[in-house]
Amino acid sequence: LSDLSYNWSTGDTTASINVTPTQTTTYYVTITDGVGSCTDSVTVTVNDPVLAASTIPTDCQASANGTASVSMTSGTSPYSYVWSTGDTTSTVSGLAVGTYGVTATDSIGCNLDTTLIINAVDTIAPVAQAQPVTLYLDNTGQAILNATSVDNGSTDNCGIEEMWLSDTLFTCADTGMQMVMFAVFDTSMNA
């Protein structure tokens, strides 16, 4: 057996070789002894990596509580991640509304890039707080009611965009107690 010589398609002449291909590759070896030679091959299969991504939106346009996650599979572990934020983990939190890039790399250098978008999704309705208001008619017999006079500290997690009243103009025909609907809308138009 000591008279054996090896000639690999890589140019190596040892009995075994170490390879780290980035794509599926077939390697050939010709083994020669003092009498003759034979050729054999080995195929190293490299699976293309896959990158799965997900996001959790912020709860308000101005909040920074979104999350982006990626997970590389089918490549050669371990995997590393580099985000446009500078983070190096598979999940990044505390993100504001915006676009974020990430490069995932497996242990043999296969890279995948993707971009994730963090949106704002406000599903929390504002809390409307109203107070009773007394109006006095002016010298033309009219009074105008505005929403800020009715508001008694309405709140919303993302900010109030608009306040609305069902009636705003009152005349002599409206003397006495009147019922008025008051609504508050936030920046996502939740009411």
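Trainee: In this predicted model, in which sense do S6 and strand S8 pair?

Mentor: Strands of a sheet pair through backbone hydrogen bonds, either parallel or antiparallel. Strand S8 covers residues 98-105, and four bridges connect S6 with S8. The sense of the S6 and S8 pairing is antiparallel.

Trainee: How many residues lie between S8 and S9 in their hairpin?

Mentor: S8 and S9 run antiparallel and are joined by eight bridges. Gly 98 stands opposite Ile 118 in S9. In the turn of the hairpin, Gly 109 has a positive phi of about 95 degrees. The number of residues between the two strands is five.

Trainee: In the sheet with the order S1-S2-S3, which residue is the bridge partner of Asn 7?

Mentor: This is an open sheet of three strands with antiparallel pairing. Its edge strands, S1 (5-8) and S3 (37-44), each pair on one side only. S1 is joined to strand S2 (residues 25-32) by four bridges. In S2, the bridge partner of Asn 7 is Thr 30.

Trainee: What is the handedness of the disulfide formed by Cys 60 and Cys 158?

Mentor: A disulfide is a covalent bond between the sulfur atoms of two cysteines. The sulfur atoms of Cys 60 and Cys 158 are 1.7 Å apart, which means that the pair meets the cut-off of within 2.5 Å. The torsion about their S-S bond is about -85 degrees, so the disulfide is left-handed.

Trainee: How many residues apart are Cys 60 and Cys 158?

Mentor: Cys 60 is in the loop between strand S4 (50-56) and strand S5 (66-73). Cys 158 is in the loop between helix H1 (147-150) and strand S11 (160-165). The pair therefore links distant parts of the chain, and its separation is 98 residues.

Trainee: Is Cys 110 buried or exposed?

Mentor: The cut-off for buried is under 20% relative accessible area. Cys 38, at 44%, is partly exposed. Cys 110 has a relative accessibility of 12%, and so it counts as buried.

Trainee: Which residue has the backbone oxygen that the side chain of Asn 190 reaches?

Mentor: Asn 190 lies in the segment after strand S13 (182-186). Its relative accessible area is 18%, so Asn 190 is buried. Leaving aside residues up to four places away in sequence, Asn 190 touches several residues, including Thr 123, Pro 126 and Phe 185. At 2.8 Å, the side chain of Asn 190 reaches the backbone oxygen of Asp 122.

Terms used. Residues numbered from 1 in each chain as written. Predicted model: local features only at pLDDT ≥ 70, side-chain atom pairs only at ≥ 80, totals over all residues. Heavy atoms only, no water. Pairing = 2+ DSSP bridges. Buried < 20%, exposed > 50% of the residue type's maximum accessible area, 1.4 Å probe, protein only. Polar contact = N/O pair within 3.5 Å; in protein donor to acceptor, adjacent residues only side chain to side chain. Contact = heavy atoms within 4.5 Å.
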